[in-house]
Amino acid sequence: ERLGVALVGLGQYATGQLMPALKETKNCCLAGLVSGSKEKLKQYQSEFGLDDNGLYSYEDFDKIADNDQIDIVYIVLPNSMHAEYSIRAMKAGKHVICEKPMAMNVRECEHVIETIGQTGMHFSMGYRLHFDPFNREMMRLGQGEKFGQVKKITLLDSMDIGESNQWRLDPKRSGGGPLVNNGIYCIQAAIYITGKLPTVVDARFADKTDPSKFQGLEEGITWTMYFGDEVIADCECSYSKNQNLMRAEAESGWFELDPAYEYEGLKGRTSEGGMDCKPVNQQALQMDDFALCIITDQPSRVPAEMGLRDMKIIAAIYESAEKHSKIDLYLNEFAELSE
Ligand code: NAD
């Protein structure tokens, strides 16, 4: 018995990655579509052989409560809509996968978590790299101290955004620039390589080369995360170049992915040679794992609390860059989320 997934928002990620992944999943399948475009609904309805009653506009989204074919609602909308649709989906009795970042700010994340508590629904972030074997190997090598203790980490995740990414360049809909879109992966990686939480962040905005394009958000940002006195992670993300590196230097060797954060084509190396990992469909594994979590009533390995934790770190990084000073973090309550 497969759980039914409804995709909310039929943009690039939903149609380019999640729909193909839902043709490979074993524990779930596409059962609903939510879009403002009748043409898109029709196109994908016929591709996936869906009934008319699996199709929704944003206006009649709440009627999804009456559809027992849909178990999971996957929010793939601009960031400003994540919290609202997560909450509406849970109030309609549906489990939720929410794309990153979890919401626009810490307060919204907390509101989503209150709703999880009130409704008892399962919730997962769309943090696909936790299901990728190359990234899991970085976790194993780092947390398992295979080359001794990790001392220094370098994380670069930048993409040249071009001109077409309308909502990402609108701070009211994105909540920020490359830090919330790409840098969130660097934050995640630093934590899952070390198995520790950052204690201090120190950030600087990059100078803008195109101030009119990047109004109200950063074009680029660099920051250092300190993990107690032991580990330093140097991070950079930008919307005006391309970078894709995850590298850890430990006491007796190093290990890295380059590219590190892509959907496919990841490559890993260590100071001893290659990294022998089998590529997977990250999104298919991620959705199948969540379906199993629901069936067995276990929490997701990428739960709402992790989305909130990352939002707290993002807020501290922005505060540090604005104030030109180090900011202390107190994240002890998230210690068990360091996978
Ligand atoms: P996109 O612009 O291609 O898609 C967004 C969709 O939302 C569009 O179909 C658009 O029509 C719809 N929409 C509804 N209301 C809208 C509004 N008011 N303004 C703009 N669009 C509106 O974006 P995307 O790249 O598919 O990103 C969607 C979400 O998925 C984002 O939260 C993003 O961070 C996330 N994402 C995650 C990954 C990943 O690897 N996990 C990759 C890409 C995107």
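1. Helix 1 (residues 12-21) contributes the most to the shell around the ligand, giving three residues. Helices here are DSSP runs (H or I, at least four residues), numbered from the N terminus. The structure is a predicted model, in which local features need pLDDT of at least 70, side-chain atom pairs count only at pLDDT 80 or more, and totals for chains, interfaces and linings use all residues. Residues are numbered from 1 along each chain as its sequence is written.

2. In total, 18 residues surround the ligand, and the closest are Gly-9, Gly-11, Gln-12, Tyr-13 and Glu-99. A residue counts as near the molecule if its C-beta atom, placed from the backbone, lies within 6 Å of it. The shell comprises seven nonpolar, seven polar and four charged residues. In this classification Ala, Val, Leu, Ile, Met, Phe, Trp, Tyr, Cys and Pro are nonpolar, Asp, Glu, Lys and Arg are charged, and the others, Gly among them, are polar.

3. The protein is divided into domain 1 (3-121) and domain 2 (131-280 + 303-337), with bounds from an automatic or database domain assignment. Each of these domains supplies at least three residues to the shell around the ligand. The domain centres, taken over C-alpha atoms, are separated by 27 Å.

4. Contact between the domains involves 16 residues of domain 1 and 16 residues of domain 2; two residues are in contact if their C-beta atoms, placed from the backbone, lie within 7 Å. On the side of domain 1 that touches domain 2, helix 4 gives the most, with six residues. That side of domain 1 has 10 nonpolar, four polar and two charged residues.

5. The axes of helix 4 (residues 106-119) and helix 9 (residues 304-323) come within 9 Å and cross at roughly 170 degrees. Axes are lines fitted to C-alpha atoms, for helices over the stretch in contact, and angles run from 0 to 180 degrees between N-to-C directions. Helix 4 and helix 9 are therefore roughly antiparallel, a term applied to angles over 145 degrees. Val-106, Cys-109, Glu-110, Val-112, Ile-113 and Ile-116 of helix 4 make the contact with Ala-304, Gly-307, Leu-308, Met-311, Lys-312 and Ala-315 of helix 9. These residues divide into nine nonpolar, one polar and two charged.

6. Helix 5 (residues 133-143) packs against helix 7 (residues 178-194) at an angle of about 45 degrees, with the axes 6 Å apart. Met-138, Met-139 and Gly-142 of helix 5 meet Tyr-192, Ile-193 and Thr-194 of helix 7. This contact has four nonpolar, two polar and no charged residues.

Technical notes: Helix = DSSP H or I, 4+ residues; strand = E, 2+ residues; numbered from the N terminus. Parallel < 35°, antiparallel > 145°, perpendicular 65-115°, else oblique.
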